[in-house]
Amino acid sequence: MGKLYAVGFGPGGYEYMTQRCIDVIRSADVITGYTTYIDLLKPYFPDKEYISTPMKKEIDRCRMAIELAESGKNVAMVSSGDSGIYGMAGILLEMKAEMNADVEIETVSGITAASAAAAILGAPLMHDFTIISLSDLMTPLDLIMKRVDCAGQGDFIVCFYNPKSKKRVDYLKKAADILMKYRDGSTPVGVVRDAGREDQTSYITTLDKIGESPVDMFSIVIVGNSNTYVTDGKMITPRGYQDKYGYAADGGKNE
């Protein structure tokens, strides 16, 4: 009996992969995944056997991977970022139960896009935050916007995945309008495109301007909370250490 791994390989660059991820991919007999993800891995692991499938073939991909593992192969099902955050770990476990398959599945975590983008922008995720995908392929739009509204009420930092596509041109603006019911339009917003990849770019704008800013499916959008600010080109969300412990930014004691 082989083994099946749900592997998150991070943003895409080799330096962002965990050692566990690298070890699993190197030892696997077969690497399978979405075509774009396979193309990212091939330059780093050129001698491996790859099987790729296009978008919307996730169930077929999982069934194939489970059957390969049942036949005795060690299989790595890869996802960018973390395999348990909008990745393939969940559907693999669901399919295993549905197929009543006698296969061991191990989830291998990776650096998710929110973490990678936050590090590039500074320190915007230093307090409570939420990740919301603006893709309505799997979730109804009204439910997505309800979640955005709840995040606004709770003053959460909000990290948007899949913020805009050719068909979903106004979802990000709608989300920004909802958040502006609860926080100022000047709230800092950071955008990172291709985080951790060769063509990485980033910029910081404001909540009232993000709806018209250059954003696409390769972008991560991080909206600060009511206390987030920008200094020296970096987004910072204070955790509250100074208020809690009475220390000033220069190390002196606040009275």
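**Notebook: contacts, cysteines and a helix**

I began with contacts in the chain between residues at least 6 apart in sequence: 68% of them join residues at least 24 apart. The model I am reading is predicted.

**Overall build.** I looked up the secondary structure next. The chain has 8 helices and 13 strands. I then took the extent of the C-alpha trace along its principal axes, and the spans are about 65 × 45 × 35 Å. How much of the chain is buried? Of its 255 residues, 45% are buried.

**Surface and charge.** For charges, I have 28 positive and 34 negative in the chain. Their mean positions lie 3 Å apart.

**Cysteines.** How many disulfides does the structure hold? I found 0. A disulfide would be a covalent bond between the sulfur atoms of two cysteines. The cut-off I applied is 2.5 Å between the sulfur atoms. Cys150 is in no disulfide either. For Cys150 the nearest cysteine sulfur is that of Cys159, at 18 Å.

Cys62 is buried, and its relative accessible area is 0%. Cys150 has 43% relative accessibility and counts as partly exposed.

**Ser80.** Where does Ser80 sit? I located Ser80 in the loop between β4 (75-79) and α4 (89-99). I then listed what Ser80 touches, leaving out residues up to four places away in sequence. The list reads Phe9, Gly10, Tyr37 and Arg197. With Tyr37 there is also a polar contact, side chain to side chain, at 3.4 Å.

**Helix α5.** Which residues of α5 are buried? In this helix, residues 113-121, I noted Ala114, Ala116, Ala117, Ala118, Ile120 and Leu121 as buried. I kept a general point in mind while reading the helix. An α-helix has 3.6 residues a turn, so residues three or four places apart point the same way. Then I checked the backbone just after α5. Gly122 is found there, with a positive phi of about 135°.

Technical notes
Residues are numbered from 1 along each chain as its sequence is written. This is a predicted model: local features need pLDDT of at least 70, side-chain atom pairs count only at pLDDT 80 or more; totals for chains, interfaces and linings use all residues. Side-chain values use heavy atoms; hydrogens and water are left out. Buried means under 20% relative accessible area, exposed over 50%, partly exposed in between (1.4 Å probe, protein chains only). Helices (H or I, at least four residues) and strands (E, at least two) are DSSP runs, numbered from the N terminus. Contact means heavy atoms within 4.5 Å. Lys and Arg count as positive and Asp and Glu as negative; His and the chain ends are not counted. The place of a charge is taken as NZ of Lys, CZ of Arg, CG of Asp or CD of Glu. A polar contact is a pair of N or O atoms within 3.5 Å; within protein, one must be able to donate a hydrogen and the other to accept it, and residues adjacent in sequence count only if both atoms are side-chain atoms.
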